[in-house]
Amino acid sequence: MGRRKVLEKRMLKLKNRLQDLRARALASDSADEVRAINQQMQEISEDIADIQEEIDAIDAHTGALVTLFYTVFNDLSVMT
């Protein structure tokens, strides 16, 4: 499994966890519990943002390689 797929799978798990925590926060009657849940949600949101940055970097790198490949390929086609 490629790095991008691993990151996407991890992000999905975190998003599901975030959704579960949201539901728990809405159902809670305790202010202390809601504060603790909100802290967890903040940390998970930061993790999701970090993962998205990694995915974006992978996409940018892949796009650059594809562009390079086609540039070289087209230059070779012109030469033949």
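Of the 80 residues of the chain, 16% count as buried, where buried means under 20% relative accessible area, exposed over 50% and partly exposed in between (1.4 Å probe, protein chains only). The model is predicted: local features need pLDDT of at least 70, side-chain atom pairs count only at pLDDT 80 or more, and totals for chains, interfaces and linings use all residues. Residues are numbered from 1 along each chain as its sequence is written, and side-chain values use heavy atoms, with hydrogens and water left out.

The chain holds two helices and zero strands; these are DSSP runs numbered from the N terminus, helices being H or I with at least four residues and strands E with at least two. Between helix H1 (3-27) and helix H2 (31-79) is a loop, and Ser28 lies in that loop. Ser28 has a relative accessible area of 16%, so Ser28 is buried. Apart from neighbours within four places in sequence, Ser28 is in contact (heavy atoms within 4.5 Å) with Glu33 and Val34. Across the chain, among contacts between residues at least 6 apart in sequence, 65% join residues at least 24 apart.

The chain exposes about 6,200 Å², of which carbon and sulfur atoms supply 58%; accessible areas come from the Shrake-Rupley method with a 1.4 Å probe, and for residues only the protein chains shown count as cover.

Asp50 has its place in helix H2. Asp50 counts as partly exposed because its relative accessibility is 41%.
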